[in-house]
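Thanks for asking me to look this one over.

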Amino acid sequence: MIDAPIPGTPWTLIGAVRGLVEDARRVVRQLHDRSVGWVGFGLAPEELDGLDRYFVRSGAEPVVPLTIIERSEVKGLTRFGEVRIPNPTFVESLAWCRSTGVTVVALDPSEDRTATLFTESIGYLELVRRTVRERSLSRRPPAPSTADAYALEWEARVTAGQGSRRYHEARDRHLIDSLRRAAPADRTAAVIVDRERFERIRDLWAAGPA
């Protein structure tokens, strides 16, 4: 997990390793210790609603099917501690917000808009290359010494193409625009994203509006 203040605001940007239970616990402690009053999630509105409906408010959790690449990512991450699906950082943070009455907002584009950004940014040849890289990763996952390094290397190997970089930048810019519109300027707030997005979002914020 990594965190840093967002310059010029009373807000904090938090990046947590996707799936790692220890990071989920650390994030919830941060929210509690800082008396956060507003939380933005790096999720689409539909994703946030699904987590709330089926994993926070529901009495029984549904079975979560995984793709081959997702299973490989989880298997490699278990070297660093307990892993859960779906991402426990979002589930536990959302549960904390619901129990304390803290406002929650999804900051990513809708699923339809995300699909459009993907098809606009990534052409056929790059899609084929991504598929090949994913298959290679499923056979030989990264083997760094920390969970943070694992998450960053996994992302870097899958999204090495220029179109992938355009897609991720467009999604992160949407998150920043949503944050500027929605977050309270006079309240302590936190923005929670997957670890690999942390540096991109921090740098895009520092660069100012596009």
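1. Strand β2 (residues 11–16) runs parallel to β5, and 6 bridges join the two. Within this pair, L13 sits opposite V191 of β5. Strands here are DSSP runs of E with at least two residues, helices are runs of H or I with at least four residues, and both are numbered from the N terminus; two strands pair if DSSP finds at least two bridges between them.

2. A word on the source: this is a predicted model, in which local features need pLDDT of at least 70 and side-chain atom pairs count only at pLDDT 80 or more, while totals for chains, interfaces and linings use all residues. Residues are numbered from 1 along each chain as its sequence is written, and side-chain values use heavy atoms, with hydrogens and water left out.

3. Strand β3 (residues 38–41) is also joined to β5, by 4 bridges, and this pair runs parallel. Here F41 has I192 of β5 as its bridge partner.

4. The structure holds 1 cavity of 30 Å³ or more, where a cavity is a set of points on a 1 Å grid at which a 1.4 Å probe fits but cannot get out. The largest cavity has about 40 Å³ of space, a volume being the space filled by probe spheres set on the points.

5. Its lining, meaning residues with an atom within 4 Å of a point, consists of V17, R18, E73, L77, Y150, A151 and E196. The elements that give two or more residues to this lining are α3 (68–77) and α7 (147–158).

Methods. 1 Å grid on protein atoms, 1.4 Å probe; cavity = no way out; pocket = protein on both sides within 12 Å on 5 of 7 lines; lining within 4 Å.
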